[in-house]
Amino acid sequence: MESVIERGHDADFWISPSQFGSYSELREANRHYTQFSAFRNKNVFTYANSKGETGGLLYFELAPNRPDLVLKDLIYIFHPELLPNYAPTFFKPLD
């Protein structure tokens, strides 16, 4: 964990923090996650909050066949000005 914090504590964004859906879940799982800038600045994005009708995670059901949507999500996260009216399909902010 120390090497992860050392390398990533100043990262502006955190994409896919496992299947955590909220900041409180992430904090409860490991208090050290709060040391990351992305956590403190609310720049953590997860696929866990995008579920299908039966509760399955859309990322695993659809993303392998729709890399264009994965790329659009990432463009929207890193450069929202390029896709101002886009609604992310998979990667959404933690609650």
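Is Asp68 buried, partly exposed or exposed? Asp68 counts as partly exposed because its relative accessibility is 35%, where buried means under 20% relative accessible area, exposed over 50% and partly exposed in between, computed with a 1.4 Å probe on protein chains only.

This is a predicted model, in which local features need pLDDT of at least 70 and side-chain atom pairs count only at pLDDT 80 or more, while totals for chains, interfaces and linings use all residues. Residues are numbered from 1 along each chain as its sequence is written, and side-chain values use heavy atoms, with hydrogens and water left out.

The protein chain averages a pLDDT of 94, and 100% of the residues score at least 70; pLDDT is the predictor's confidence in each residue, from 0 to 100.

Helix H5 has 12 residues and reaches 16 Å from its first C-alpha to its last, close to the 16 Å expected at 1.5 Å a residue, the expected span being 1.5 Å times one less than the number of residues. Its buried residues are Leu69, Val70, Asp73 and Ile77. They lie on the same side of H5, because they cover an arc of only 105° around the axis, an arc taken from the directions from the helix axis to the C-beta atoms. The face of H5 turned away from this buried side carries the exposed residues Pro67 and Leu71.

Asp68 also meets Arg66 in a salt bridge, at 2.7 Å from N to O, under a rule that asks for a side-chain nitrogen of Lys or Arg within 4 Å of a carboxyl oxygen of Asp or Glu. The count by this rule comes to 1 salt bridge.

The structure holds 12 aromatic pairs, where rings of Phe, Tyr and Trp (its six-membered ring) pair if their centres lie within 6.5 Å, and planes under 30 degrees apart count as stacked, over 60 as edge-to-face and the rest as tilted. Tyr47 and Tyr59 form a stacked pair, with 5.0 Å centre to centre and 15° between the planes.

Relative accessibility of residues in these contacts:

| Residue | Relative accessibility | Class |
|---|---|---|
| Tyr47 | 10% | buried |
| Tyr59 | 23% | partly exposed |
| Arg66 | 34% | partly exposed |

Definitions and conventions. Helices (H or I, at least four residues) and strands (E, at least two) are DSSP runs, numbered from the N terminus.
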